[in-house]
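I set out to record two items from this structure.

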Amino acid sequence: MSKQLTFNQIKENRFKILEQYVPIVARVHGGNHPEFHEVHNVFDTIITKTKKAGAEKPELNKEFSKLREITDNYKVPGDVCESYETVYNMLAELDKAYRV
């Protein structure tokens, strides 16, 4: 049985990668997947709120709910690259850790 990581642990490991990947995936796939631009905007809000909250847990229920709606619960489209899939998997991991 694997140990569930906390939101703050995952945040430390994943935010830097996501900050690099999300704009690139939006640029590369945004034409065929315009919903990813919304993902990009919501992710930017998550980053801003998290940085503003400091060591406290930010209020992100609305943002993760919106991400689940936009991404159909992080369902990866069949015509995208591994980076796109990685972003969705990391966002799903963050969302799950946030709700624990």
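I took a pocket to be, on a 1 Å grid over the protein atoms alone, an open set of points where a 1.4 Å probe fits, with protein on both sides within 12 Å along at least five of seven lines; lining residues have an atom within 4 Å of a point. Grid points are joined across faces, edges and corners, and a volume is the space filled by probe spheres set on the points.

The model is predicted: local features need pLDDT of at least 70, side-chain atom pairs count only at pLDDT 80 or more, and totals for chains, interfaces and linings use all residues. Residues are numbered from 1 along each chain as its sequence is written, and side-chain values use heavy atoms, with hydrogens and water left out.

Entry 1, pocket. I looked up the largest pocket and found a volume of about 160 Å³. I noted K11, E12, F15, K16, E19, T50, K51 and G54 as its lining. Helices are DSSP runs (H or I, at least four residues), numbered from the N terminus. Both α1 (7–29) and α2 (35–53) supply at least two lining residues each, and α1 gives the most, with 5.

I listed E63, F64, L67 and I70 as the buried residues of α3 (residues 61–70); buried means under 20% relative accessible area and exposed over 50% (1.4 Å probe, protein chains only). They lie on the same side of α3, because they cover an arc of only 125 degrees around the axis, taken from the directions from the helix axis to the C-beta atoms. On the other side of α3, K62 and E69 are exposed.
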